[in-house]
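Subject: Structure handover, charged side chains

Hello,

Please keep it open while you read the notes on charge below.

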Amino acid sequence: MSNKNVEAIPLDIDFAADERSAVIDIGGADYKLILTTKATKEIAKRYGGLENLGAKLMNTKDFELALDEIVWLITLLANQSILIHNLRNKEAKKDLLKEEEVELLTTPFELAEYKNAIMASMLKGTKRHIESEPSKNVEVG
C-alpha cells in the first residue's frame with residue numbers, strides 16, 4: 001500500500017500555542033504564557049511536579065519568596081512562546097524575557113492578577129479532549 005497520494009497536514013504552531021496559552025501584559029507588551037513539556041520539566045525540577053506548585057504558591061508565608069516564585073513562573077511560561085517563535089523563525093529570533101525585567105516592569109498587584117493567567121495556561125496545557133460515542137445498546141424513545 002503506497003502513501004504517495006497522502007498529503008501531510010502541516011501543524012499550525014501558532015494556532016496550537018493560542019489554544020493552550022493565556023496572554024498577559026508586561027511593560028506594555030503582550031506575552032503568551034504556555035505550559036509546554038519543557039516548562040513542565042522545569043517546574044518538576046523546582047517543585048517536584050505540577051501538583052506541588054499550587055501548594056507551594058498558596059502556602060508561602062514569606063511575601064518576598066512568593067513574589068520570587070511568581071516572577072520565576074511568569075518568566076518560564078512567557079519564554080515558552082518566545083522559544084516556539086525562535087524555533088519557527090530562526091532569522092528573526094526574539095530575546096528571552098529575564099526575571100529582572102519582569103520585576104522591573106510589573107507591580108505586586110499585577111503579579112497577583114497574573115496568577116489567574118498562570119492557572120489558565122496550566123489548565124489549557126494539561127487539558128485532555130475526551131470524546132464519547134453513544135452506546136449502540138441503548139434504546140432511545
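The notes below cover the salt bridges and then a charged surface patch.

First, a caveat: this is a predicted model.

Salt bridges

The structure contains 2 salt bridges.

One pairs Lys45 with Glu42, with the closest N and O atoms 3.3 Å apart. Both residues sit in helix α2 (residues 37–47). They are 3 residues apart, so about one helical turn separates them. Lys45 is exposed, at 64% relative accessible area. Glu42 is partly exposed, at 29%.

The other salt bridge joins the side chains of Arg46 and Glu69, at 3.1 Å from N to O. Arg46 belongs to helix α2, while Glu69 belongs to helix α4 (residues 63–88). The pair therefore ties together parts that lie 23 residues apart in sequence. Is Glu69 buried or exposed? Glu69 counts as buried, with a relative accessibility of 7%.

Negative patch

The surface also carries a patch of negative charge. Its members are Asp62, Glu64, Asp68, Asp95, Glu99, Glu100, Glu101 and Glu103. Which elements give two or more residues to the patch? They are α4 and α5 (99–105). The largest share, 4 residues, comes from α5.

Asp68 is one of the patch residues, and its place is in helix α4. Asp68 has 32% relative accessibility, so it counts as partly exposed.

Best regards

Key
Residues are numbered from 1 along each chain as its sequence is written. This is a predicted model: local features need pLDDT of at least 70, side-chain atom pairs count only at pLDDT 80 or more; totals for chains, interfaces and linings use all residues. Side-chain values use heavy atoms; hydrogens and water are left out. A salt bridge is a side-chain nitrogen of Lys or Arg within 4 Å of a carboxyl oxygen of Asp or Glu. Buried means under 20% relative accessible area, exposed over 50%, partly exposed in between (1.4 Å probe, protein chains only). Patches are made of residues with over 30% relative accessible area and no salt bridge: like charges are joined within 9 Å, nonpolar side chains (Val, Leu, Ile, Met, Phe, Trp, Tyr) within 5 Å. Accessible areas come from the Shrake-Rupley method with a 1.4 Å probe; for residues, only the protein chains shown count as cover. Lys and Arg count as positive and Asp and Glu as negative; His and the chain ends are not counted. The place of a charge is taken as NZ of Lys, CZ of Arg, CG of Asp or CD of Glu.
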